[in-house]
Amino acid sequence: MAEIWGEPAPQPLAGNGDDTYYLNMGPQHPSMHGVLRLLLHLRGEEILEAEPVIGYAHRAHEKMAENRNYLMFLPNSSRVDYLSGMIYNLAYCQAMERLLGIEVPERAEHIRVIVSELNRISSHLLWFGTFLLDLGGVTPFLYAFDDREEILTILERVTGSRLTYSYGRFGGVTQDVDALFVEQTLAFVARLRGRMPDYHALVSDNVIFRHRCEGVGLIDQATALRYGVTGPCLRACGVPYDLRRAEPYGIYSRFDFEVPTQPAGDIFARYLVRLAEMEQSCRIIEQAVAALPAGPIMPEKQKKRFKPEVGESYFAVESARGHFGIYIVSDGSELPLRLKLRTPSFANLSAVAAVLKGTMIADTVAILGSVDVVLPEVDR
Amino acid sequence: MSVLVRLLRGIWSLMLGLGVTLKNLFRRPVTQTYPHQKPELSAAFRSAIALVNFPASGSHDCVACMQCVNICPSFCIKVEGDKPEGLKRKRATVFEVDYALCSLCGLCIDVCPTNTLKYSKTYDDVGYRRDQFVYDLLTPFRAGEAAWRERARVAAVEAAQPASAGPAAAAGEPEVGR
Amino acid sequence: MAEGAVASEHAQRLRAELEAGLDLGPRWSALEGASSGFARCHAVSVEALPRLAGAFARAGYFLELLTCLDLRQHEGRMRLVYTFNCFAALDRWRLHVDLAPTRPWSGPAAKPARAKKGAAAALDAATDAAAAPAAAPLPVEAPSLVASFPAADWLEREVFDMFGVRFAGHPQLKRLLLPEDADFHPLLKDFGRMDAVAAPGAGPAMGPGGGADG
Amino acid sequence: MTLHVLWPNTALMTVLAGAVLMAYVAFNGMLLVWLERKVSARFQRRLGPTEVGWAGLLQSAADVIKLLAKQLITPRHVDRPLYHLAPVLVFVPVLAGISLFPFDRHLQLHDFNIGLVLLFALAGLGFLGIFMAGWGSNNKYALLGAMRAVAQNIAYEIPLILATLPVVLLARTMSLREVVEAQHQLWFIVQQPVAFAIYFIAAVAETNRAPFDIPEAESELVAGFHTEYSGMRFAFFFLAEYTNMTIVCMIAATLFLGGYIGPSWLPVPGWVWFFGKVYLLLLVMMWLRWTFPRLRFDQLMSFAWGVLIPLAIVNLLLTAVAIKVWR
């Protein structure tokens, strides 16, 4: 039409000689969690090929680790995955404790379990909210954030931070918890259980939600194995692999909890697994609170300088997103020779490209959301 | 028939969802209207570090040992110190924190040998330039610095005389505690 | 973590299958066990790697980790670290593959005092392994494991990105985390440091050839 | 054929009435934006706007001022004529559409005997504007949004119209006023609950409202067809959407809920009934939006073609048979 008005015709949309075209989704896109860029090859709304392009949030954590001593890397650890910073922070502490041979007091171990599980619930709640937001449901998002706020308040009272808790220290934790913390934690567990029926009525049973989720974005066991997919995404295809069970760290072997699995491997299975995990975390919290002993939160003798023996160590924990491993190579000095972070989102995201093929644009958003990718963790 | 059942079941599930939102419509909002309602800060709240004012000595007790400077993963602390005449320990003359770089990890507070570092409770600092966040932690202590040095010197002199190691010594060597 | 943790029958069967299919060298490691997190540690050759990876894939293991160590300063080599694990139960295997340096060491020469307990030598000592025969030239490239483990796609690209190690047979060995036109490999030890910020607004003291080496 | 003219039919009065309607459209848009924000906030246990005016009532006015003051950015690669024309073309039909309704027994600009047909014709025109916006923006997201909008509106206009036909059969007229007058004994919603349900669902889809808001699904298509629009041009789309909502609710109130008719023993003027019903329906639309997630594009289509249209046809046939038998 422009030619009629005496203007040059606008550039045609990318023509490939066929009916397909490329679409850059991200890194600035409302539903790209963080800064993922998806290069989509599309025919209409159908995805022929999807290539995730990452690195926009690369902060060189591993390089930083090599230039700082072991203790100075501590605040970095909770920033790798800011949504479950507590779990990562404590994982690094535990890895170092094993490397250095430090005994952790009982009380500190229990506190660590409680705050880690609270953090896991908060991460899952945030996932729940943002996932629904990806599907166009805004209200569940705010309900979930309301509940999550409670956790953040509890954790802030203890750690002083709401997101990047540098709460752990080699050998224990920085601050002790009090009776009010215990009271608030139990109150939160009760509150969350009270909210679950609402969530199910509003979301899980909703016919629109079911249609969006069931049978979409299948990750089967073979795919999971080949890509090293872990966490709720793995348990949603029927593999009961949870490091708290498979490779118990800390005092997790003492607690009675289930590893929820689902057979289907679709988005809805991942959703159900995460909701069930919140309940299991509540159970662990209750047990840990009941068993919380009195005593110190740091070992008697505290070292000032940390020089591990020469050697390598791999320590893995179950984060909210899956298998988080810390591989430390020590050359006997105060700086690590190499500190590699094996982050679950990295592996999970690499599998997403295979899953996206043949789906629609709307599914892309749902699948990405359901895998629960945290981009800073992918990029590190 | 099954189609109809599925349709009705679907409609029922939508009704349930509408019920949840309707229920929440009549509940009290949880919003805190921030500038009108100030948040309650927890005791553990972390903001930029500050120097503790020990009542016993009427001043901070930074001995410019550089431990916080060395442990800071963000390299945001700058400390200089001199040795006041007559005293055994050093005394900070410069203590700056670049809050724009600080990651609030608390390692400096952990390593401080005299426990003179604490978190402050400021949460609403704003600025247009990065250098506005370089805080001079000695500001509140500048006015009393000369007096403190004089007191400390006197106390040190008195302490040197073995008989009169009295309460005045506390001015020079404040009790450790936060 | 210890051998005893390998509990389930399924896992033992997997492991038996794996051991039957593998022809591992004699380099058993003292690192195995609770303190390291590894159930088995081996140093393997470049030639054996694809075959081993195939055996792991068939036995139902997943590629947990692939990373690289820059040991050029003291040992004059790069070292790839592969970690395989299985979902059935804990059975984490670590494989070392030594490679020739991707580029010559440009940092300061190794201090004699430190060279004595140079990282790789010390690690080898800790892993109870004999030093590699000096006569055999180290391979330049590692084979890509993408055929057995699609997960290796990104992991190998990351190693290439950060260390410059090339993987033969990788479908598209391009940058992963860094810009596509980057011409440096930042996790090399002579790349530079990430250190104190010189002045507000100035970048960290690092970059190709920039900054002092630690 | 009766031309029902209630006000002195002078050119001046027509212009005046048009101005009043335009003012109403602008006011209504602002009110609905405020209402939507307040209602959504309450559903989500928030407060919504509180700062500007009492309970944030002037928030929308502040937003309008902001939008007016904003620079109008025209991206470089757009098809300028289409790009500039689209917001106008979206907005004008809704303005024309709203002038057709009988707000009260003696408050109607002009009663056409084919009022209903005219309404749907005008409603259909708006999508030309949406498609022009998406096409002219020369942006892939906008184009996808425009394609979705066209497909969706073709699909949903059919059940929308099919659902109103039983009412026409019952009232034996297409004049909006006469349809209302035919409901003195009984509102048509009682006789035609299925038709009302189909109509309302299709209307929500027709106005691109959640859960059918796929042409502007922000989590998929950034902002859909109006991705490249800012400032007052964007405001036109916004205003058109809210006015469209009002129109479909007015149609629903007129056809199914007895328009301006309320219980005669209550001394409440007819227009209060009319607008009361309209805003109640609008609140229901907001309630739906803030409860449900969004459908996927193909699911939306299959719902229209596979469920709504067959249901509407069956309902229409049954109505026709029933009328034949009992009259």
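Student: What relative accessibility does A:Arg254 have, and how does it count?
Tutor: This is a predicted model, where local features need pLDDT of at least 70, side-chain atom pairs count only at pLDDT 80 or more, totals for chains, interfaces and linings use all residues, and side-chain values use heavy atoms, with hydrogens and water left out. Residues are numbered from 1 along each chain as its sequence is written, while chains are lettered from A and ligands numbered from 1 in the order in which they are written. With a 1.4 Å probe and protein chains only, buried means under 20% relative accessible area, exposed over 50%, and partly exposed in between. A:Arg254 comes out at 48%, so it is partly exposed.

Student: Which side chain does A:Arg254 meet in a salt bridge?
Tutor: A salt bridge needs a side-chain nitrogen of Lys or Arg within 4 Å of a carboxyl oxygen of Asp or Glu. Here the N to O distance is 2.8 Å. The pair links distant parts of chain A, 148 residues apart: A:Arg254 sits in the loop between helices H10 (243-246) and H11 (267-290), and its partner in helix H4 (residues 106-134). That partner, partly exposed at 35%, is A:Glu106.

Student: How many salt bridges does the structure hold over all chains?
Tutor: Some of them join up: A:Glu62, A:Glu66, A:Arg338, A:Lys340, A:Arg380, C:Glu158 and C:Lys189 are linked in a network. Over all chains, the total is 56.

Student: Where does H12(D) bend?
Tutor: Helices (H or I, at least four residues) and strands (E, at least two) are DSSP runs, numbered from the N terminus. H12(D), residues 297-326, reaches 42 Å between its first and last C-alpha, close to the 44 Å expected at 1.5 Å a residue, where that span is 1.5 Å times one less than the number of residues. A bend is the angle between axes fitted to the seven residues ending at a residue and the seven starting there. In H12(D) there's one of about 30° at D:Ala304.

Student: Which helix of chain A do the buried residues of H12(D) pack against?
Tutor: The buried set includes D:Phe297, D:Leu308 and D:Ile323. In chain D, they pack against helices H5 (140-171) and H8 (193-206). From chain A, the partner is helix H7 (207-213).

Student: Which residue in E7(A) stands opposite A:Glu312?
Tutor: Strand E6 (residues 311-318) of chain A is largely enclosed by the rest of the structure, because eight of its eight residues are buried. Strands pair if DSSP finds at least two bridges between them, and eight bridges join E6(A) to the antiparallel strand E7 (residues 323-330). Opposite A:Glu312 stands A:Val329.

Definitions and conventions:
Contact means heavy atoms within 4.5 Å.
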